[in-house]
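Here's a quick tour of a two-chain model, one chain at a time and then together. Have the viewer open as you read.

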Amino acid sequence: MESNDVTARQIYWRENRRWMLILGTIWFVVSLGCGVLWVEPLNQIQVGGFKLGFWFAQQGAIYTFIVLIFVYARVMARLEKRLGFEEPEA
Amino acid sequence: MSLTETTYLVVGASFALYILIAIRSGAGSTQEFYVAGKGIHPVANGMATAADWMSAASFISMAGLIGLSYNGYGGSVFLMGWTGGYVILAMLIAPYLRKYGKFTVPEFIGDRYYSDTARVVAVICLIICSVTYVIGQMKGIGVAFSRFLETDYETGLFSGMVIVFFYAVLGGMKGITYTQIAQFCVLIFAYTVPAIFISLQLTGQPVPQIGLGSTLADDTYLLEKLDRTLLDLGFQEYTTSVRGSTLNMAAFTASLMIGTAGLPHVIIRFFTVPTVRAARTSAGWALVFIAILYTTAPAVAAMARLNIIQTLEPQPGQHLSIEERPAWFKNWEQTGLLGIEDKNGDGLIQYSADPDTNELVTLDNDILVLANPEIAKLPHWVIALVAAGGLAAALSTAAGLLLAISSAISHDLLKRTLMPGISERQELMASRLAMAGAVLGAGYLGLNPPGFAAGTVALAFGLAASSLFPALLLGIFSKRVTREGAVLGMLAGIGVTLAYVFQHKGIMFIPGTSFLGDLPPNWFLGVEPNAFGVVGAIVNFGVSLTVSRLTAPPPESVKQLVEDIRVPVLSS
């Protein structure tokens, strides 16, 4: 039982870190990437009335952040259910 | 009804609502006072967090900061920085501190680093960040009152203090949470209504976020028109003007992001939800509610800027005459937020980027939001609503900060360090007294703002980023970091950041004591003082990790604590 728990914890933490890495990379790419570092090439692309780089910096990054948090919340909730780390409803 | 009467009515009604909520939500235990009994629904906590987060600066100044001071694109650092931090908070900080399950941020640092010294250093860092921040809110309350209700600054400040005193001392976190939810509704309504109208008038599009990318009546894109108009006036292009350098923008954005994730008054909001799972979704909801304002603000910035320019110069070369300037223009001149000087004596107002010929000599950032309803010729009740919204933003943030300060004093200093023997009832009394003291202290600083109050809210982020954030992150993700590492790391991080700010802005912001001068050529790699928090954070990480290698590892019980906060519950 003890060793099962240890294994479950290890899987949980490994999966958690994997998701943090994936979502953290997207977080970096849409904000500091598209919004700051690569803004000039992206500004060459016009979408409606927006230069794309400008749009990422003033709107796109923020929308993506919201999606990232809800995706993380969802995958973690599923992981917790699968490994038996689910909290009772308070 | 006159505008002033309408404003008194709307603001008075909003205050009556806050007091009503306060009476119904008194705190009966320390758990209720510090963390609202941990029973707040994640969506409700998301709203409260959004109000806690969006300060007078977000509401009144941010659109102007983007649209005027930072000339468009440069202002994106605030938009990305003040929202991106929530991703870090949701993934790296909030769930684990919620699992830890106690009352304050210094409490976690003290327990994780098995040291009262660490606890006290964290309390000091918390107080430095939060006090810097709260002074701005108190000033915001006084200014909002004096502008809209025509009271003097002191009367305004006292009225605000009485309201906060009432619900924060009585209800602690519980009272603050419910009033923050009401304040969020007031402030978001007040912000979006004028924005929708101005977007409709300029682009025919009711959603400002889409309106920003739409066409004007003459079929040119709004942003294209603004770019061209600004170039003609001698400014840089709106959509591409960088603040400093790319490196400076990246550092500024990163500092605001990690500062957000390290600000105690935001973190403790996530202690009020029932589960770890709820802490994650609640961060998502908080960002949804924040994003409503943060994606509207850049639209307001561009539209209001264009509106003002077109008021002054309806057709290229055709300038507004001073005689014929509209009533709202004269009104805002009286407050000192707008100012004209007819330098060439032709009776016309010429707006230009060249300081020698520019005749719109004062154009305050706040004008973009404050004068918006009048420029768009909206009815009195909308203007009154903006007043109530600005006050709601300032009051809700002030209350959250005051709770972070007072709980650090009554819980961390008193209960956990100095007088561990006191009973819960005594601690609850102490926490009310600490709150009362914090309100009075903040009021005093609002009345007599020290020099460093000018150092702005942005500084608080640099300080949080360089002191508390690394200690929290390492405390969760490393079992090896020791008390010596954490304490020296926090001191080094906040020390380096303060030293950099002081050397450019003056010691304690006293003019004349800055030994390097506030000049861009003297900035380290071109990074401005407000953006230096990320460098302080790197120093903090470096010192913490190095010192931890050289000192005895943490005891087994601490390693067990770290193991425990990483999972929501023991496996069933």
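## Chain A: contacts and shape

Take the contacts in chain A between residues at least 6 apart in sequence: 57% of them join residues at least 24 apart. Keep in mind that this is a predicted model. Burial in chain A comes to 36% of its 90 residues.

How does the radius of gyration of chain A sit against a compact globule of 90 residues? The globule would come out near 12 Å, while chain A has 18 Å. Along the principal axes, the C-alpha atoms of chain A fill a box of roughly 60 × 25 × 15 Å.

## Chain A: elements

Chain A is built from three helices and two strands. Reading from the N terminus, the order is α-α-β-β-α.

Helix α3 of chain A, residues 52-83, isn't straight: there's a kink of about 50 degrees centred on A:Gln59. Following α3(A) you'll find A:Gly84, which has a positive phi, near 80 degrees.

## Chain B: overall build

Chain B has 23 helices and two strands. Its radius of gyration is 24 Å, close to the 25 Å from the globule rule for 572 residues, so chain B is as compact as a globular protein of that length. The C-alpha trace of chain B spans about 80 × 55 × 50 Å along its principal axes.

Of the 572 residues in chain B, 59% count as buried. For contacts in chain B with a separation of 6 or more, residues 24 or more positions apart account for 81%.

In soluble globular proteins, nonpolar side chains tend to be buried together. The largest nonpolar core here has 227 residues, and the members touching the most others are B:Ala122, B:Leu187, B:Val300 and B:Leu402. The largest share of this core comes from α13(B), with 22 residues.

Which residues does B:Leu402 contact, once its neighbours within four places in sequence are set aside? They are B:Val134, B:Val164, B:Ala168, B:Met435, B:Ala438, B:Val439 and B:Ala442.

## A loop residue in chain B

B:Met419 sits in the loop between α17 (380-418) and α18 (424-447) of chain B. Is B:Met419 buried or exposed? B:Met419 is exposed, because there are 12 other C-beta atoms within 10 Å and a residue with 12 or fewer counts as exposed.

## Where the chains meet

Chain B puts 45 residues into the contact and chain A puts in 40 residues. On the side of chain B that touches chain A, the elements giving two or more residues are α5 (76-100), α10 (222-233), α11 (246-262) and α13 (276-312) of chain B. Helix α13(B) supplies the largest share of that side, twelve residues. So α13(B) turns up in both places: it also gives the core its largest share, 22 residues.

Sorted by class, the side of chain B that touches chain A has 24 nonpolar, 17 polar and four charged residues.

## Confidence

The model scores ipTM 0.94 and pTM 0.92. Chain B has a mean pLDDT of 87, with 94% of its residues at 70 or more.

Terms used. Residues are numbered from 1 along each chain as its sequence is written. Chains are lettered from A and ligands numbered from 1 in the order in which they are written. Helices (H or I, at least four residues) and strands (E, at least two) are DSSP runs, numbered from the N terminus. The radius of gyration is taken over C-alpha atoms; the globule rule is 2.2 Å times the number of residues to the power 0.38. A residue is buried if 20 or more other C-beta atoms lie within 10 Å of its own, exposed if 12 or fewer, and partly exposed in between; C-beta atoms are placed from the backbone. Two residues are in contact if their C-beta atoms, placed from the backbone, lie within 7 Å. Ala, Val, Leu, Ile, Met, Phe, Trp, Tyr, Cys and Pro count as nonpolar, Asp, Glu, Lys and Arg as charged, and the others, Gly among them, as polar. A nonpolar core is a set of buried Ala, Val, Leu, Ile, Met, Phe, Trp, Tyr and Cys residues joined through C-beta atoms within 7 Å. pLDDT is the predictor's confidence in each residue, from 0 to 100. The bend at a residue is the angle between axes fitted to the seven residues ending there and the seven starting there.
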